[in-house]
Every structure is written in C-alpha cells, then in structure tokens.
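Subject: Structure for you to look at

Hello,

Here is the structure you will be working with. My notes on it follow below.

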Amino acid sequence: MMRDTGRGWAWTRALLGVMAEEIHLCGEEGAVELVRSLMSTTGEDVEVRKYKRLTDLEVEDSAMGSLEAVQPGDCIVCFSKHDIYSVSRGIEAKGHEVAVIYGGLPPGTKLAQAQKFNDPDNSCKVLVATDAIGMGLNLSIRRVVFYSLIKPTVNEKGEKEMNTISVSQALQIAGRAGRYGTQYEKGFVTTFKPEDLNTLKNLLSQSPEPIVKAGLHPTAEQIELYAYHLPNSTLSNLMDIFVTLCTVDDSLYFMCNIEDFKFLADMIQHVPLPLRARYVFCCAPINRKLPFVCTMFLKFARQYSRNEALTLDWLCRNIGWPFAPPKTIIDLVHLEAVFDVLDLYLWFSYRFMDLFPAASLVRDMQAELDSMIQQGVFQLTRLLKNSETGVSSGTSAAIDEEDFAINRHKQSYLRGGKDTEMPQVGRGRLTERLLAQGLLTPNMLQELRREWTQDDQSEPSDSPTSHTKKPRQKKKHK
C-alpha cells in the first residue's frame, strides 16, 4: 500500500509517524527490504516473521469456460462492476444463489454477504466478487476463478490504464482458495477464459516483485512555508510549485500523484478557508468520479467556512434523508454514494470535532443505510431487471442551487423534440448515464415526465394556435 501512486503517502506517514512503542505490519515478502531501509533511518529495530501457507493450492489444467460449469464453493473474481452484475445475473439464471462482494459496499454488507456464503446450511454456494476479497474477510472458498486478468490501474502520471494484474495481486487473490481453518483442505484456482490460463500459471509461478520506494506527499507545514513566500498563489499552484522544486530522496521515496488533491483544491478555491483547513479538506479520501460525493464535499467546505456546525438536521436535509429501499441499480449506486458521504463526515469529525458534532448519530445512520444496501444486494437480479423496465424508488438527494441552470438545460434537452412520444422520456441511454453519474435523480426524472404530460395537454398538435401565430408588428416612432 505504501507504493500506491495516489494514497501511498498516507501509509508512509502512518508507519513513520504513529506514536506507539511497537508497530505490527502485515504484508508480502516484497515489502520487507523497503521497511528495513525506512526503519534504519529512524533507528528502529525490525523483526521479520515469515508464515507459510498451511494448505495446498493447485492451478487447474482447464478453464471454467462457461457459467454452467460453476461449482459449490466457487468464487468468480471480476475487476469491474459491469462484470459483477452480468456474472451474478448469469449464474442466478442457471438456478444458483449468489453472494456479491465489491469495494463500494459498506463493511456490514460485505460481512453479511461473506456470512451468507460461508454458512454451510445456507443455499448460497457461489460468490461473485472483486479483489476486495483479498483484505479483511475470512471466506470459505474452494476454487477461485479469474473472470479476467485485466484490471484498470492508475499510472505515475495519474492516467488510467488497462493492464494485466501484477504477480502480487494474482498471488493475493488466488491465495483465498482453500484457506486453513475453512471447510476446504485444498484450494484450486483457474480462469474463466481458456486463453488466460497460461498467463495465470506464469503469474503464480513468480515471486512478488520487490517494493523499492514508499510514497510521499507535501506536509501542511511545507505548504504554509511556500504560501508565506507566494501569498497570491492558489493551493493547487503551491502544490505544483512544491513538486517542481522539491528534491526527493529517490533511493527510498517517490512523490505521490497530486491530481486528486489539486482537483479538490480547485473545487473549493472560491470558498474562504484558512490555509491549514483548506489543506486538510484537500487530503480527504474522496472518489472524484462520484458527483454526489463531490457536491457534498463542496457543501461541507461552505458550511465550515461560515463557521456553522454541520448538524444532523443540516446533514439530513442535504443528503435527502430518509431513503427508501433501492428498487434499481441506480438507487443502489446512489445509496452507496450516500454511505461514502457519511464516511467523509466521520473523517472530518476526527479533525474538526466542533463543527462536525454528530459523529455518533451519523454512525447510527450508517447502520440503517447499511441494512438498506444489504436488502438491495440480496436482490441484485431484481434490481437489474427493474433498471431495464424503468422502475425506481425515487431515491434522490437535494440539488445544489448552482445546479439549477444545468438541470434546466437537461430538461429542455429531454423535452426537445415534440415528435417524441412521452413514454420514451427517461428511457434512453443518456438518461441512464445521467442517473448513474448523479447529475439527474429519479425525482427529477419524474418531474420531467409530469411537465411533459402537462405540455402535451396544454399544446395539442391539432390546435390551430400551436401552428399559426400572428407575427408581432413593430411600431415605428418618429
């Protein structure tokens, strides 16, 4: 984790800065020498304990090939939500009950799905998951099946790439099969596609590549020093200047990608905040691909800048609490985003306790939201079917005032052609994309349909006034 190009610095800080007499690290062998080197610079003693796998792991000679070949105890590992949805639906269509685990789910939902799969008395015998199963979950898996070996990654420049998984990732995921203490004394691993099998065998035959450098990030004190000499520079510019001018001990460290930090800095640049608070806000762990989370982040910053507490009442109003159980995938994705917002609130509550005072109540909200998301995941196939038929629970969030013009533009676009029949409104791919991105909510969609109906009734096509209008006469003034 210390070599992660985006958040590696947070792990480096934890290792070097945590105030404890003794620190226990869990990791692969490829990290040992880096940790030794880091600790030698601080004068720490390092003790390495190696543990061997207690059960056998066998790579099968043939690929799975088809979902019809799924067996009890199988875990099909996917690297995208689209694959998670399609594989889950395909397996359930074959008559098998499926448990689902992926990174965006709340911890309680992940545990509930794991317990469902692990329970020998439960009818669910198949798991579909992402590489989220590699950490923090004890699973009774007989065979791991890689649905694909291609995973999206972010390179050192912050660019998204599609690459074959690393040796480390392959070993970590494959090693979940046949774990000691589960009902299976031996584990098996294979691929879904026959053409991937030789690649997997090659990956599993190698040792993890050494981790040679740990991630770093400018500290608040360093940025304050730069700001003192460059008082008119924005925080985003200060970060760029720092990275350009700083010298990194490149034998042990590398500078992490700062694009996420700069993205948040630019988003709240217009909000009046002290530099230290602005820095802390920009260090927040946010998935910037989720517009709803970004919108709430901006609202958090505005409320903080006014020195007004983010009370439970304020939070409920802005996230649209309470919610209905999800009926479509769009509803489920939105509830997952809301859970991330509550996580973000708790993250801030550790740093700004006075203005984020409702931490204990927010945890209660998370527990309630977690159970709702669990309901949705238990009925994933039904949610997928509802998404195709246009059913929705109306789950939505409050819309920011600044979004008004954008929403009006979307409304005029969807209402644009009068030759379009009303039932087609809100059924196209554009609408699904806007819903998924959080730019359009189910409630807004229902409002559009109501407006469309009203317009149709108020302007019938056979009305003479709808086609012939007298031109205005301009009066000339001498």
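A residue is called buried here when its relative accessible area is under 20%, exposed when over 50%, and partly exposed in between. By that rule, buried residues make up 44% of the 478 residues in the protein chain. Please keep in mind that this is a predicted model.

Overall picture

The protein chain has 19 helices and ten strands. Of its contacts with a separation of 6 or more, 73% are between residues 24 or more positions apart. The chain exposes about 26,800 Å², and carbon and sulfur atoms supply 52% of that area.

Salt bridges

The whole structure holds 19 salt bridges. Among them is the pair of Arg-143 and Glu-60, whose side chains meet at 3.0 Å, N to O. This pair links distant parts of the chain: Arg-143 is in strand E5, while Glu-60 is in the loop between strand E1 (56-59) and strand E2 (74-77), 83 residues apart. Arg-143 counts as buried because its relative accessibility is 4%, under the 20% limit. Glu-60, with a relative accessible area of 14%, is buried too.

Arg-143 also forms a salt bridge with Asp-74, at 2.7 Å, N to O. Asp-74 lies in strand E2 and Arg-143 in strand E5, so this pair ties together parts that are 69 residues apart in sequence. Both Arg-143 and Asp-74 are buried.

Another of the salt bridges joins the side chains of Asp-131 and Lys-151, at 2.4 Å, N to O. Asp-131 lies in the loop between E4 and E5 and Lys-151 in strand E6 (residues 150-154), so the pair ties together parts that are 20 residues apart in sequence.

A patch on the surface

Met-135 lies in the loop between strand E4 (126-129) and strand E5 (143-146). Its relative accessibility is 52%, so Met-135 counts as exposed. Together with Met-1 and Trp-11, Met-135 makes a nonpolar surface patch of about 360 Å².

Helix H4

Gly-108 and Thr-109 can be taken together. Thr-109 lies in helix H4 (residues 107-118), and Gly-108 is found in helix H4 as well. Thr-109 is buried, with a relative accessible area of 1%, whereas Gly-108 is partly exposed at 24%. Leaving out residues up to four places away in sequence, Thr-109 touches Asp-370, Ile-373, Gln-374 and Val-377. On that basis Gly-108 touches Asp-370 and Gln-374. Gly-108 and Gln-366 are 258 residues apart in sequence, and their C-alpha atoms are 9.5 Å apart in space.

Helix H9 and its neighbours

The buried residues of helix H9 (residues 259-267) are Phe-261, Lys-262, Leu-264, Ala-265 and Met-267. They pack against helix H8 (235-245), helix H10 (275-282) and helix H11 (291-305).

How do H8 and H9 pack? Their axes are 8 Å apart, at an angle of about 150 degrees. Angles over 145 degrees count as roughly antiparallel, so H8 is roughly antiparallel to H9. On the H8 side the contact is made by Leu-235, Ser-236, Met-239 and Asp-240, and on the H9 side by Phe-261, Lys-262, Ala-265 and Asp-266.

Regards

Conventions. Residues numbered from 1 in each chain as written. Predicted model: local features only at pLDDT ≥ 70, side-chain atom pairs only at ≥ 80, totals over all residues. Heavy atoms only, no water. Patch = residues over 30% accessible without salt bridge, like charges linked within 9 Å, V, L, I, M, F, W, Y side chains within 5 Å. Areas by Shrake-Rupley, 256 points an atom, 1.4 Å probe, with all protein chains shown as cover. Salt bridge = Lys/Arg side-chain N within 4 Å of Asp/Glu carboxyl O. Helix = DSSP H or I, 4+ residues; strand = E, 2+ residues; numbered from the N terminus. Buried < 20%, exposed > 50% of the residue type's maximum accessible area, 1.4 Å probe, protein only. Contact = heavy atoms within 4.5 Å. Axes fitted to C-alpha atoms, helices over the stretch in contact; angles between N-to-C directions. Parallel < 35°, antiparallel > 145°, perpendicular 65-115°, else oblique.
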